[in-house]
Each structure stands twice: as structure tokens, then as C-alpha cells.
Amino acid sequence: MESPSSAASRVDFYGFLDRMRRPAAAGLFRSIKSFLASLSLDEPSAEDDGARVQAFYAAMEAAFREHPLWANATHQEIDHALEGLEKYIMTKLFDRTFAASPEDAAVDAEVSERIGLLQRFVRPQHLDIPKVLHNEASWLLAVKELQKINSFKSPRDKLLCVMSCCQVINNLLLNVSMSNDRTPSGADEFLPILIYITIKANPPHLHSNLKFVQLFRRETKLVSEVEYYLTNLISAKMFIVNVDGRSLSMEENEFQMHMETAKLGTQIFAASLSSPQGSATSTRGLQKQTDTEAGSRFPFMDSETESLTAAEVKQLHGLYRQVVTRYTSLSKALRKLSIDEDQLLASVDADS
């Protein structure tokens with residue numbers, strides 16, 4: 001699969017820029033600059049901008065075919081010019097069109113936070129991924145390919161990252177099928193692995209990246225294998241957004257317990273990073289915060305036993321029962337999480 005930083009990709013773009021610098025291309029270049037200027041006059045709107053950009057692609061394709069610089073050009077040469085045009089335009093429009101709205105930024109943050117929690121406890125068995133398909137090397141490669149998506153600004157380059165990730169998974173499925181005389185089961189095995197890879201990768205701005213590609217990649221290019229892989233990644237994102245216990249082959253109360261434990265772990269980790277002096281300072285900071293809030297949250301913290309009324313003793317007993325109940329639930333969740341991690345390590349050792 002072609003890489004966004006490959007020589008072929010650079011040739012497309014630099015070849016386009018080279019032709020645009022020629023005097024004969026002055027009219028085409030004016031059209032491009034005029035389009036960018038006209039778009040900047042209106043308030044950003046992802047859907048409207050997408051429609052206008054797609055219409056401009058179509059208009060410029062017709063202009064290229066009729067222009068002397070592309071006289072007798074092959075279909076591939078015209079396609080290369082359009083790839084260069086897309087990259088040029090969308091690099092110029094990137095700040096306007098990518099994750100530009102507060103709504104998209106909020107969805108990005110929500111998805112990333114949810115994936116961060118799922119990372120702490122979701123294992124391949126939760127997604128019913130057969131053990132024969134457990135391949136840490138291939139999975140890591142797919143994760144790295146997907147994480148590259150934010151290194152690029154053009155829809156095509158971002159989509160190539162998605163394609164590279166998905167083809168690593170597809171190659172794994174094909175290799176396992178051939179070596180084990182298995183019949184490939186297609187999406188039934190492909191999608192769960194892609195979901196797991198997406199959780200492991202947690203690429204920033206996942207929602208905005210997908211939306212950006214859908215709206216601003218040339219529509220004629222979102223077909224066949226490309227469309228299949230992109231649709232699967234969109235499905236993976238939707239699975240993550242809507243995931244519950246049943247989705248992960250576990251009871252709902254167990255799922256919620258895992259999520260609460262993951263949130264607690266995330267909060268502790270964030271607190272440990274908030275101080276430059278590490279966890280010891282963070283612990284002191286948490287203690288200080290606890291002392292400050294104690295008067296409102298724990299009204300009996302500084303009370304003397306002899307001064308408590310019967311009603312206050314009853315209230316204190318109720319609070320004690322709540323603490324014990326929550327502690328018991330948390331302990332069970334932590335033990336379950338530890339067991340799951342031990343099982344994962346044991347399975348990795350067995351595969352080695």
C-alpha cells in the first residue's frame with residue numbers, strides 16, 4: 001500500500017505545483033485562488049464547505065482535460081493533477097475544515113476519553129477474536145499506521161493511513177488462513193480486530209479525521225476497497241461510542257464496574273502527573289485538597305465522639321455502610337482486572 005510520504009505521493013504534489021508555476025497555468029491558478037478567497041468570505045460549515053469543494057474538484061477536472069498543459073494526457077496524468085489539487089486546496093483550508101467546530105471538538109474529546117477507559121480492560125477475548133489471530137507484531141504495526149493519521153493534512157494522506165492499517169489486518173487474516181487451512185470469514189473477523197486496534201491506538205481526533213475524509217476526499221476515490229475499509233473504521237468508532245457489556249461478552253454490571261475502575265485509574269494517573277515532583281507530591285496535594293474539602297464533604301471529620309448526637313451517630317453509621325459497600329465493589333473490580341491481565345500475560349507467554 002502506498003504511503004502518504006512515499007515518492008509517488010510527492011511526485012503527484014510537486015508535479016502539480018510545478019505545472020501551476022508555468023505561465024500557461026496562470027488562469028488555472030487564478031481560479032484556485034479565487035475559490036479559496038470566496039470560501040473564506042463565508043462562515044465555516046463542514047457540510048456546505050464539503051459540497052463546494054467537491055463541486056470545485058469536478059470543475060477543475062474538466063478544466064484540466066481541456067487545458068493545453070494536459071493536452072493528450074492519460075487518465076492517470078489527469079488523476080495525478082487532481083491529487084495535487086486536492087492536497088493543495090485542503091492544506092490551505094485545513095484550519096477551517098478540520099475539527100473547527102466546538103461540536104466536533106467535543107465529540108473528539110468524548111471518543112478519546114472513552115477509548116482511554118476501554119484500553120484499561122478490553123482484551124481480544126472480549127471481542128471474540130480467535131486465538132489463532134492473536135499476533136502482537138501485526139497488531140502493533142497496524143496501531144502505528146493508524147496513529148500516523150494526524151501527521152497529515154490532506155484527505156488522501158489521512159485515508160492512506162487508514163488503508164495501511166486495514167491492509168496489515170487483512171494480510172494477517174490471509175496469512176493465517178493459508179497457514180492453517182482456514183476459510184477467511186471476512187468482516188466477521190476483520191471488524192473485531194480493527195475495533196481492538198482502534199482502541200489500542202486511540203488516534204486523536206478520530207471523529208474529525210473520519211468526517212474530514214468523508215467530506216473532502218474526492219468522491220470518485222471513495223469506492224471499492226477504499227470505501228470498504230473506511231466504512232469499517234466508521235463502524236469501529238460507532239461500536240466504541242455505543243459499547244456496553246453485551247458488546248464485550250460480559251454482564252452489564254461487570255462492564256460498568258470495569259468502566260468505574262478505569263475512571264478511577266485515570267484520575268489517579270492524572271493526579272500523579274499534575275505535580276513535577278511525582279506521585280509523592282501528588283499524594284500530598286490530594287491530601288491537602290481532601291483537608292480543604294473535608295468540612296463540606298465529611299462533616300464529622302473534626303468532631304469529638306462525645307459531642308455527637310444520636311441523630312448524627314445514625315447519619316455517621318449510614319455513611320459508613322456506603323463506604324464499605326463502595327470499597328467492596330471496588331476491590332472486586334480491581335481483583336477481576338488483575339486476573340484479566342494475568343491471563344493476558346499467560347496467553348502471550350504461551351504463544352511465544
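## Ground rules

The model is predicted, so local features need pLDDT of at least 70 and side-chain atom pairs count only at pLDDT 80 or more, while totals for chains, interfaces and linings use all residues. Numbering starts from 1 along each chain as its sequence is written, and side-chain values rest on heavy atoms, with hydrogens and water left out.

## Overall fold

Let us start with the whole chain. The protein chain holds 14 helices and zero strands, where helices (H or I, at least four residues) and strands (E, at least two) are DSSP runs numbered from the N terminus.

Of the 352 residues in the protein chain, 39% are buried. Here buried means under 20% relative accessible area, exposed means over 50%, and partly exposed lies in between (1.4 Å probe, protein chains only). Among contacts in the protein chain with a separation of 6 or more, 76% come from residues 24 or more positions apart; a contact means heavy atoms within 4.5 Å.

## Aromatic pairs

A pair of aromatic rings is described by the distance of the centres and the angle of the planes. Rings of Phe, Tyr and Trp (its six-membered ring) pair if their centres lie within 6.5 Å; planes under 30 degrees apart are stacked, over 60 edge-to-face, and the rest tilted. By this rule there are 15 aromatic pairs. One of them joins F29 and Y88, a tilted pair with 6.3 Å from centre to centre and 55 degrees between the planes. F29 belongs to helix α2 (residues 26–40) and Y88 to helix α4 (residues 75–92), so this pair ties together parts that are 59 residues apart in sequence. F29 is partly exposed at 31% relative accessible area, whereas Y88 is buried at 10%.

## Charges over rings

Two lysines deserve a look. K158 has its charged end over the ring of F98, 4.6 Å from the centre, and K87 lies over the face of F13, 5.1 Å from the ring centre. The rule asks for NZ of Lys or CZ of Arg within 6 Å of the ring centre and within 35 degrees of the ring normal.

## Helices α8 and α9

Helix α8 (residues 155–180) and helix α9 (residues 187–201) have axes that come within 10 Å and cross at roughly 130 degrees. This makes α8 oblique to α9: angles under 35 degrees count as roughly parallel, over 145 as roughly antiparallel, 65 to 115 as roughly perpendicular, and the rest as oblique. The axes are lines fitted to C-alpha atoms over the stretch in contact, with angles from 0 to 180 degrees between N-to-C directions.

On the α8 side, C165, C166, I169, N170 and L173 meet E189, F190, I193, L194 and I197 in α9.

## Two loop residues with positive phi

Most residues other than glycine have a negative phi. N72 has a positive phi, near 60 degrees; N72 is found in the loop between α3 (46–66) and α4, and is exposed at 80% relative accessibility.

D128 also has a positive phi, near 55 degrees. D128 lies in the loop between α6 (102–118) and α7 (136–147), and is exposed with a relative accessible area of 55%.
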